Amino acid sequence: MTHSTNQGLGRQSALTRRSFVAGASVLAAGMLLGGPFGCSAPAEEGAADTSIEAEAQATGKAADLVFKNGHVQTLVNEGDVAQAVAVRGGDIVYVGDDAGIEAFVGDATKVIDLGGKFLCPGFMDGHLHGPQPYYEELFQIAIPEGTMDNEEYLRIIREFVEAHPDDEVYYGGPFMQNAYLQPDGSNPGPQKEDLDAICSDKPIMIRDVSHHSYWVNSKALEIAGITADTPDPDGGSIVHNAAGQPSGLLTDAAKGLVTSKIEVPYSTENMAKAYEAFQEYCHSLGITGLTNINLSGIELIHAEALHNMDARGDLHLRQRFLVWGQPGMGYEGIKKKLDAVAAYDSDMFQTGTVKIVYDGVTEGATAVMLEPYLPAAGKGEGWTATSDWSTEELDQVVADLDKNGYQAHIHAIGDGAVRASLDAYERAEAANGKRDARHTMVHVCAITPEDIKRCADLKAISNLQFLWMYNDPLCQLEAAFIGKERAFDMYPAKDMLEAGCLISGGSDGAVTAYDPLLEIEVGITRNSPFPVEEDEDHYRWKEQGLTAYQMLEMYTKNVAYENFMDDIVGTIETGKKADLVVIDRNILDVDPKQISEAKVVCTVSNGDIVYEG
C-alpha cells in the first residue's frame with residue numbers, strides 16, 4: 001500500500017493503542033489501514049494535483065523545506081510509503097508523491113532531492129539520562145566509556161585531582177563492575193584504599209556505568225558515618241572486604257548514605273553547556289525526542305538549563321522531563337517537584353511523569369528477583385534482593401499519582417520488581433478507575449509468562465533496552481549471579497509483543513550507547529552489532545528477535561505514545577511536527593547486520609535542519 005496524497009491542515013485523530021502495537025504479527029489483522037488512523041482514501045485520478053495546487057495557492061505560502069524522490073516510511077502503518085514531504089512553519093503540510101510536491105516549491109523553498117534515501121520520523125529514546133557524560137567531561141572526572149582496567153581508572157582520577165587541588169569534592173565516572181570479575185565468578189569490586197592513596201582528606205565518589213553503584217574513599221565513608229557495623233539499608237548493599245570492613249563499594253540505596261551527606265556541586269550554566277554538547281550528539285544519531293531521566297535531586301538545575309535554551313530558541317530535542325520520586329517523600333513531596341518543573345512546560349519541554357526506582361541491577365545482586373541469586377553473588381543463601389520501597393508506600397504513591405493524572409515510570413529489572421510494579425498499577429486502576437495513564441516500567445529484563453499477560457491487560461508500557469539483548473560482558477556477569485539459563489531467558493520481547501504488550505525503545509544512555517541504529521539491529525538479530533562480533537556467536541535467545549519494522553516503531557511512534565506526544569510526532573502525517581531523519585539506506589530492506597553501518601544524512605527538528613552528515 002502506498003501513501004496517498006494527503007495535504008490536510010490538521011490531524012484528525014490521535015494514535016490508538018491498536019496502531020501503537022502495529023508491528024505484532026498476531027495483531028496485524030486488527031490494524032487500521034485507512035481512515036483517520038491510516039492513509040486517507042485516494043483522490044480521483046487527475047484530481048489530486050489540482051487540489052494540492054489549489055491548497056498551496058490559496059494559502060499563499062510555499063513550503064520552507066521539501067524532501068522529494070525518497071522512500072518515506074510514514075510509520076502510519078507498514079505499507080504506508082510516500083515519495084515526498086513538505087514542511088512549513090515547523091509543520092508537515094504535505095505527504096505524497098513527487099508530482100504533488102511541486103505545488104509547494106517556491107523561490108525560497110529549500111528542496112532536498114533524497115535520491116532514494118530513507119526518510120522516517122525522527123528517532124526517539126524512551127529512557128535517556130541526558131548529559132551526564134558531557135558534564136563529567138567538561139567539569140568532573142571523566143573515564144572513557146568501556147574502560148575496564150583499574151590502573152587506568154586510578155591514573156585518570158589522580159590526574160584530575162592533581163589538576164583541581166581546590167575542589168572540595170571529587171566526583172565522576174564511570175567504572176565497570178565487571179572489570180573486577182574473578183575466574184571463580186566472584187566480584188570483590190573496587191577498593192577504597194586505591195582512592196585513599198590519591199586523596200585521603202577529601203571525599204572521592206566514582207559512579208559505575210549503571211549509576212547504581214559508587215566507589216568511594218575512606219573520607220566519604222567517614223563523612224557518611226559508614227562503619228563495619230552499619231547495616232545494609234533496604235534496597236542496597238555496603239560491600240565488605242575480607243577483613244569485614246567496608247570495601248568502598250556501595251550499591252543502590254547504600255550510596256544514598258553518602259549522597260545525603262556530601263553534595264556534588266552543579267550549576268545551571270555548566271549544565272546548559274553539557275546539554276548543548278549532548279543535543280549535538282543526539283542529532284548526529286537522528287534523535288529528535290526523548291524521555292529525559294536527568295539526575296535525582298538536581299532536577300530543577302536540569303530544567304532551568306533546558307528552559308534557558310528553549311527561551312533562546314536553542315532547544316531542539318523534544319522531551320518528556322521526569323522528576324524523581326524517592327521513598328519517604330510521599331505524594332505531596334513529589335508534587336512539589338512536579339509543580340516546580342511544570343513552570344517551564346512548552347512545546348519542546350513537557351512534564352508530568354515521575355521516575356521511581358524499585359530495584360537495582362542484576363550484576364550488583366540488587367535486582368529484586370522471585371528466585372534466589374547464586375552463591376557467587378556473595379549475598380548468602382536465599383537472597384532475592386530487597387527494595388527500599390515498601391509495598392504499602394509504593395502502592396499509595398502510584399495510586400495518588402494516578403488519581404491526579406500523572407504518569408509513573410518505574411525502574412524494574414528483576415521479575416520480582418516487575419511483579420510489584422504491575423501490582424501497584426493494578427491497584428491504582430482498581431482504586432481510581434481506568435484511564436489513559438500510560439504508566440511505564442523500564443528495563444523489564446525478567447518477567448514471568450503470567451506477568452506478560454497482566455502487563456498487556458493493564459496496558460502498561462514496557463520500555464526495553466534492546467542493546468542489552470545479546471551476550472555481552474554484562475550478560476556474562478548476570479549469568480554468574482543468577483545462572484546462565486535465567487540470564488538467557490531475559491528480554492522475551494517477541495513473546496511480550498505477541499501477547500499485546502505495549503513496548504517502546506530506550507537506551508538507558510549513557511549507561512550504554514544510545515545509537516538507535518545499533519539498538520534496532522540487536523532487536524532483530526539478538527547478537528552483537530559490532531564489527532567482528534556480529535559474525536560470531538554472541539546470541540541471546542535469538543528466537544525473540546523482532547522484525548525491522550517493529551524495531552523502527554519502538555524508536556519512533558511508540559516512544560511518542562509513551563511520552564503523550566503521539567498527536568504531534570512519531571509518524572509522518574500532515575499537521576504533525578516535522579521531526580524527521582534521513583538515512584543513507586532503507587533499513588527495512590537490508591541485511592540486518594548492515595543497519596548499524598547505516599549513516600544519518602540529515603536530522604530535522606521542528607522543521608529546522610539541525611544536522612547534516
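1. Aromatic cluster. Tyr-134, Tyr-275, Phe-278, Tyr-281 and Tyr-514 are joined into a cluster by ring pairs (centres of Phe, Tyr or six-membered Trp rings within 6.5 Å). The model is predicted: local features need pLDDT of at least 70, side-chain atom pairs count only at pLDDT 80 or more, and totals for chains, interfaces and linings use all residues. Numbering starts from 1 along each chain as its sequence is written, and side-chain values use heavy atoms, without hydrogens and water.

2. Helix crossing. Helix α4 (residues 132–139) and helix α9 (residues 268–284) have axes that come within 8 Å and cross at roughly 125°.

3. Helix contact. On the α4 side, the contact (heavy atoms within 4.5 Å) uses Tyr-134, Tyr-135, Leu-138 and Phe-139. Residues from α9 include Asn-270, Met-271, Lys-273 and Phe-278.

4. Ring pairs overall. The whole structure holds 14 aromatic pairs. In one of them, Phe-466 and Tyr-555 have ring centres 6.1 Å apart and planes at 65°, so the pair is edge-to-face (planes over 60 degrees apart; under 30 is stacked, the rest tilted).

5. Where that pair sits. Phe-466 is in the loop between β20 (461–464) and α15 (473–482). Tyr-555 is in the loop between α19 (548–554) and α20 (557–562). The pair therefore ties together parts 89 residues apart in sequence.

6. Burial. Phe-466 counts as buried, at 0% relative accessibility (buried is under 20% relative accessible area, exposed over 50%, partly exposed in between, with a 1.4 Å probe and protein chains only). Tyr-555 is buried too, at 0%.

Key: Axes are lines fitted to C-alpha atoms, for helices over the stretch in contact, and angles run from 0 to 180 degrees between N-to-C directions. Helices (H or I, at least four residues) and strands (E, at least two) are DSSP runs, numbered from the N terminus.
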